[in-house]
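Subject: Structure handover

Hello,

Please find the structure below, followed by notes on what was found in it. Have a look at it first, then read on.

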Amino acid sequence: MQASKSLPDAAKDTIRSKFDRAESSDPVVLWWDDGNYLEDIIEQACADLGVELKVAEKTPLELRANPVDGEQVWYVPHVKDPEDAEGEYDWFRDVEHTGAEVEMSIEDLTVHAFERGQLDTWELKTTTQSDDPAKRREIARILHDQLTGGQLPTLEQLRTRIVTGGYTDPVAFVLENGWGDIDNSSDTIEQMTDLLTSEGVDAVAKEDEPVGIVAATRRWAVAEWLIHAGVDAERFPSEFRAETTGAHGLPELKSVLNNTTSSGLIADRYLGEAMWPEVIAQVDDPWELADCIVDDALERRLWEEWHASFEAGDYEVCLERAEERYDALLGSEDFRGNYRGAYGPDSPWTQTWKQAAEIARLAHQLETWDESATNDVVSLYADADDGTWQIDNAMLNLVVSGEPETDLPNDHPAADTLDEFRTQLQSEYVEYLEDLGDLVTETVEAGAPFVEEDHAYQFFTKESDGLESGQTVALFVIDALRLDLARRLADELRNYVATLPSDAPEFAIDEDIWLGTLPSETEFGKAALTPGEIQMFDVSLVDGELQPLRNNRRVTNNRRESLLNGDGWTVTREQDDGWQSTRVAYFKNDLDNIGEKELSDLEGLLAQRVDSLAEFIGTKLEQGEWDRAYVLTDHGFVLLPDNASPEKISRPSEASDSGRRWIAGKDVDENSPGVLLDASTRLGYLDANVSVLASPLKRFRKQGLGDARFYHGGLLPQEFVLDFISITQG
């Protein structure tokens, strides 16, 4: 039953009827309001009627002042007979003969907002009364808000709001808040029971305590969702067989999750407790219910089935199922970035299944990476769709995602499983790196695998059309930007430029594979990325020391900057200095610094650095007038898991110079540790005998360098296969 009129309309009808019955042609309606909740209501009614309104500020006698002719309403914001006054006060006897007295509070007027003769409205009058001043104020606020707007409530909605303190749906209130702040009086318990049963929650009919009402309602809602997901309703007691109505109807709990701001609490409540274990145990295939994100018993069965599939090596099935469960727990994102219908991305329940998907994906990649035989190590590693660079990316993501299961109940089956699988995959990752190193060794020793590749020392020549076009160009030279990090950066830059205003320039972002200079260390890599003819760059032994040369002159930091300046570039290492030039070369070394300082949370810091780089580069593109930009790097790196046990080996006697992953010298030959790079490898710039390590677990001792996990300089693709990003306006 819906209200037939608003409170202002009900007040207007009351005043008009009193005027019509008055004996005087200039009647007065004297309205006594217990509580002063109707003043703006009466003011609106008088304005609509076009009659004079007087409001008593302190005493009703004020209304006699400054008399006017015509119909009038006098409003007194308190009761006619104050409780603290002796005797009865008959303030204005004459009004009874010339007009009328109305003693009506907001609770009384609410009854008039519904059709006469409907006895339930008198029950509403009882519902709206309270001797507690604070409770009465809250009820008055609800009545005022609900009966002055455009959409008028039904009687049940109004009663529900009053009982629950603002909710229109009693079931949603209990599911989200439990009993909340509702009082425990027998009248309120009876009212709430009536409201719930009227909504179909028959399970509460026999409950007479708040705790029992709440428990029964929640079990009823979980049963409803399970039935909606496909469980046979006959498996539940009759009072819990709640069928979701309508072809597009939603289970009540899912509707709550569409509107709540407390999804985390709901997740813990409905996934942390087994509501129907005996029913779930009878389900043949729990994965048919994967979209149902309630009941600990279902969550456990899903996890146990997933664990069994993983142990059996069914990684593709594990990935598919973990992603399905993750999507269900995630919900849908609206245009404001809020998640509805589930628990969102920050819930540990969601994050646990997300990590399960990452684990399954990584396990599958580690198992299958070498199934296609190839002697093209660069393509094997760098292919955008199928390359093994994705293994590095997956391992980084796995570590960054942490241990989400620790925020779940201690007895959740993922608590032991995920840690076991993380440790297992880290060991398998090291084995993969060793096998990849062996493959590189075989391909180099079998011929010259890098002849057809683009090499970093050729960059300024091969990209001369863009660099020498007369356009504004920015170079972002970021050290140690491993291939997977560079691709992550490129994706984030694409996302960034996609959000630029419609009147901003459009940028195309492309990626190309280049080979860094071997040995893959900063000294040689940065030297290669300087202007000059291809033929004028080489890496040679000079007095027993391996040096990068341009025109037979060693390229140091100062020399590199001089070469860039001579070619018209402004070199800067500052984010806000030097950018007024039309050709800027920005150098940043912090990725290498992060790794070599062996900071804790290394994977997380690397991922965060990519985020900050994307923000910085994107901002420069947006703020400047760059026709073209490039993101370059000198080398990549190998990052071992925490539990790896690398071996530090001594520099052999034939070496005259060395780094962590290479040795050089006139007497270095194929019998030296590592893979010999000499004229036969046809790199085009290496004019010395250099032996480079390909094993991930070996490096030469280097005093003062912390290299337990992070290092570069060697022959693993992670160290020298690079991704250069080009950004073009228009």
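Strand β14 (residues 628-632) runs antiparallel to β24, and four bridges join the two. In this pairing R628 stands opposite T728 of β24. Strands here are DSSP runs of E with at least two residues, helices are runs of H or I with at least four residues, and both are numbered from the N terminus. Two strands count as paired if DSSP finds at least two bridges between them. Strand β24 also pairs with β8 (residues 507-515), again in the antiparallel sense, over nine bridges. There W514 is the residue opposite L722 in β24. Strand β24 itself spans residues 721-729 and is mostly covered, with seven of its nine residues buried. Buried means under 20% relative accessible area, exposed means over 50%, and partly exposed lies in between (1.4 Å probe, protein chains only).

This is a predicted model, in which local features need pLDDT of at least 70 and side-chain atom pairs count only at pLDDT 80 or more, while totals for chains, interfaces and linings use all residues. Residues are numbered from 1 along each chain as its sequence is written, and side-chain values use heavy atoms, with hydrogens and water left out.

On the overall form: the protein has 27 helices and 24 strands. Its radius of gyration is 38 Å, well over the 27 Å that the globule rule gives for 730 residues, so the protein is more spread out than a compact globule. The radius is taken over C-alpha atoms, and the rule is 2.2 Å times the number of residues to the power 0.38. Along the principal axes, the C-alpha atoms fill a box of roughly 125 × 65 × 45 Å. Buried residues make up 52% of the 730 residues. Of the contacts (heavy atoms within 4.5 Å) with a separation of 6 or more, 69% are between residues 24 or more positions apart.

Two single sites follow. E647 is in strand β16 (residues 647-649) and counts as partly exposed because its relative accessibility is 42%. Leaving aside neighbours within four places in sequence, E647 is in contact with L697, K698 and R699. E647 and R699 are 52 residues apart in sequence, and their C-alpha atoms are 6.6 Å apart. S672 is in the loop between β18 (662-664) and β19 (675-677) and is buried, at 5% relative accessibility.

As for cysteines, a search of the whole structure finds zero disulfides (pairs of cysteine sulfur atoms within 2.5 Å). C46 is buried at 2% relative accessibility, and C318 is buried at 1%.

Last, the aromatic rings. Rings of Phe, Tyr and Trp (its six-membered ring) pair if their centres lie within 6.5 Å; planes under 30 degrees apart count as stacked, over 60 as edge-to-face and the rest as tilted. The count by this rule is 32 aromatic pairs. W74 and F92 have ring centres 5.5 Å apart and planes at 70 degrees, so this pair is edge-to-face. W74 lies in strand β3 (residues 72-76) and F92 in the loop between β3 and α3 (95-98), so the pair ties together parts that are 18 residues apart in sequence. Both W74 and F92 are buried. One aromatic cluster is formed by W287, W303, W306, F310, Y315, W353 and F421.

Regards
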